[in-house]
Amino acid sequence: SVNYPVWILCLKSRRSDSNLPAGLLQESDKHNKWYGIPVLLQKLYDSSHPNSDLLQAHSFLKILSSRLSFEAMTCVTEDRKTAQESTFPNMYTFDLFGGVDVSSVVFQLMNEDLVKDCLSVLYNCGICIEGVTKNLAARDDFVLFLFTLMTNKKTFLQTATLIEDILGVKKEMIPLEGIPNLSGLVQSFDQQQLANFCRILSVTISEPDAGNDDKHTLLAKNAHQKKTASPSRAEINQVTLLSIPGFIERLCKLATRKVSEATGLNFLQELEDWYTWLDNALVLDALMQMATEETEQSSTESSDESSLATSPLRHRLPQSMKIVHEIMYKVEVLYVLCVLLMGRQRNQVHKMLAEFRLIPGLNNLFDKLIWRKYTSSNHVVHGQNENCDCSPEISFKIQFLRLLQSFSDHHENKYLLLNSQELNELSAISMKANIPEVEALVNTDRSLVCDGKKGLLTRLLAVMKREPPDSSFRFWQARAVESFLRGATSYADQMFLLKRGLLEHILFCIIDSGCTSRDVLQSYFDLLGELMKFNIDAFKRFNKYVNTPEKFQAFLTQINSSLVDSNMLVRCIVLSLDRFESQTEDVKVVEVLSECSLLSYMARVENRLSFLFRLINIINVQTLTQENVSCLNTSLVILMLARRKAKLPFYLNALREKEYAEKYPGCMLNNFHNLLRFWQHHYLNKDKDSTCLENVSFKHRGKNVTATALRSNLH
């Protein structure tokens with residue numbers, strides 16, 4: 001029989017004398033049941049030179065493509081893990097005899113018909129045969145070459161899909177500046193192409209996942225950061241994108257453009273029934289044909305999506321495909337904007353998003369598209385699988401909430417989420433309380449805020465109250481609202497939300513709703529902490545809602561059930577109590593201090609010590625993560641405030657007595673000492689993190705007690 005590797009090497013060598021005897025190939029073909037694949041590949045290769053008959057080459061390629069497409073359809077409808085060579089004989093024979101390499105050679109001819117079929121062949125091989133996509137990904141020159149094919153609208157979707165698959169398995173992130181004429185390429189895209197291109201961009205600007213962020217230890221992250229160059233490839237790619245003229249403006253237009261309402265009454269129900277259909281290989285062909293028809297119908301770019309509804313393919317696609325396209329486009333666009341908002345160029349991005357009125361545009365879409373009056377029974381709770389494959393509608397809502405969180409977090413542009421009347425309300429709250437307005441509020445450009453009767457934040461609060469107790473959206477909604485409050489504490493911001501019943505809603509969710517999702521509860525504890533911090537009115541409202549011993553005990557039970565989830569609220573209560581105890585000249589403060597069950601509970605030293613013991617015991621340097629490091633910071637706050645009142649020796653002695661009582665002398669204090677050393681190394685070398693901690697927790701009443709000072713007391 002034929003020596004396969006030698007034959008493959010002959011093809012790769014591109015030598016004129018590399019042909020194997022036709023008789024030998026045909027005889028071996030019949031004996032080994034290769035179904036004529038090697039002969040077709042040989043003929044394709046022979047006719048794939050610049051001076052060859054390209055029509056003949058295309059005829060050979062079409063035969064191969066049709067055979068492989070049939071098997072690929074079978075592949076996507078079956079369990080790929082159980083796929084064997086006997087299941088896809090054409091595909092395996094094609095790969096065995098260097099078909100992927102031959103296809104790469106044919107690409108270079110730049111013939112539109114050949115390119116289209118080659119893209120189909122490579123995509124189908126990647127679906128069915130393990131390792132094909134990885135091998136293509138290892139060829140940097142080929143990957144960059146694929147981007148040049150995106151200039152052709154007829155093959156754009158195929159090219160984009162193949163590139164996305166390749167980048168998904170590529171070990172090294174590609175440099176965007178290496179793509180020939182990237183700026184011109186992006187500017188040549190119509191809006192639909194740009195939205196699809198965002199799927200590719202998302203892979204090139206996101207930092208690689210080194211594991212689950214919550215479970216990846218800070219020690220490992222620190223070690224990884226020492227080995228990683230700065231700035232990272234993702235950060236460089238972000239800068240490259242931002243340098244493209246008009247790029248952010250076009251993304252804002254895509255994110256906020258409206259969709260025709262002529263879509264049928266059962267659109268959302270259809271989504272639930274058929275969204276998995278989008279993963280089928282048939283969709284790619286349908287979309288490509290649609291793109292071809294649209295290109296032939298109009299050569300000019302249009303932001304009107306009506307062409308999708310009038311396409312001759314409408315009988316092959318569900319009635320709601322038009323809106324689904326728009327939702328999927330927006331998911332990709334919002335993701336890219338979200339990543340850019342979290343990058344080093346955040347202020348530059350913020351300025352552009354404000355200028356191009358992203359937030360008012362999203363506010364106008366909120367009721368009609370983003371949050372229709374519809375509740376799915378299939379919401380996936382956040383804690384079950386954060387990265388689950390969700391329907392387009394659910395993905396869109398979550399990505400929208402993540403964008404709001406990134407937009408508001410520690411940035412003065414957060415007030416763009418309000419309308420003019422709501423900004424006036426904030427000013428009135430400050431005036432009534434006889435406190436100066438926040439500078440960011442004063443500086444807000446009112447021509448860039450939300451239109452209409454309600455701002456985006458107010459609309460979000462309304463839907464938040466209607467969500468089922470364990471809805472995955474509750475987690476993201478709470479995070480988005482919390483980000484509006486994060487940063488320097490603003491009494492007016494807190495009162496704005498308190499007046500809309502947010503505190504009572506949170507307490508209902510924690511105490512009375514039966515919510516069992518730890519992630520949802522954690523997000524509500526964190527939000528409650530930001531809402532109540534240093535706000536005496538919030539503690540008064542708390543006491544009015546939690547008005548029985550049973551309710552208070554239920555609240556404490558939720559807090560104590562997981563301090564990793566609730567410790568930010570514990571920190572808020574400790575800090576607020578310390579603030580209020582210094583304001584005894586205020587009658588209202590004295591009244592609340594004497595009546596509030598929560599403040600009275602935390603005022604008792606034995607209760608603070610109980611929290612401290614558990615906070616220190618549930619962490620050590622080896623298990624610290626981004627998720628539980630807040631336990632360390634909360635324990636530091638408790639001890640720093642004790643030091644300020646000259647009670648630190650008492651607290652440390654209590655820790656020592658606890659060690660002896662549990663017959664583990666030195667265990668707790670040694671663990672805490674190691675945690676302090678790590679805290680210094682981890683935070684004090686990072687300006688952003690340490691400054692954030694000072695603002696939120698440690699810079700209290702104009703004084704700043706450092707962990708270094710505390711550590712000296714342990715010695």
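Predicted model: local features only at pLDDT ≥ 70, side-chain atom pairs only at ≥ 80, totals over all residues.
Residues are numbered from 1 along each chain as its sequence is written, and side-chain values use heavy atoms, with hydrogens and water left out.

**Entry: Asp512**

I placed Asp512 in helix H28 (residues 502–512). Helices are DSSP runs of H or I with at least four residues, numbered from the N terminus. Leaving aside neighbours within four places in sequence, I found Asp512 in contact (heavy atoms within 4.5 Å) with Leu507, Tyr545 and Lys551. The side chains of Asp512 and Tyr545 are joined by a polar contact of 2.5 Å. A polar contact is a pair of N or O atoms within 3.5 Å; within protein, one must be able to donate a hydrogen and the other to accept it, and residues adjacent in sequence count only if both atoms are side-chain atoms. I also checked Phe555, which is 43 residues from Asp512 in sequence and 9.4 Å away in space, C-alpha to C-alpha.

**Entry: Asn237**

I found Asn237 in helix H14 (residues 233–242). Asn237 counts as buried, at 0% relative accessibility. The Asn237 side chain reaches the backbone oxygen of Ile174 at 3.0 Å. Beyond four places in sequence, the contacts of Asn237 include Met173, Pro175, Glu177 and Thr204.

**Entry: H21 and H22**

I took the axes of H21 (residues 358–370) and H22 (residues 392–408), which come within 13 Å and cross at roughly 155°. Axes are lines fitted to C-alpha atoms, for helices over the stretch in contact, and angles run from 0 to 180 degrees between N-to-C directions. H21 and H22 are therefore roughly antiparallel, the term for angles over 145 degrees. Among the residues that meet are Leu362 and Phe366 in H21 and Phe400 and Lys397 in H22.

**Entry: H35 and H38**

I found that the axes of H35 (residues 605–617) and H38 (residues 667–683) come within 10 Å and cross at roughly 65°. H35 and H38 are therefore roughly perpendicular, the term for 65 to 115 degrees. Phe613, Ile616 and Asn617 of H35 make the contact with Met668, Asn671 and Phe672 of H38.

Conventions: Helix = DSSP H or I, 4+ residues; strand = E, 2+ residues; numbered from the N terminus. Parallel < 35°, antiparallel > 145°, perpendicular 65-115°, else oblique. Buried < 20%, exposed > 50% of the residue type's maximum accessible area, 1.4 Å probe, protein only.
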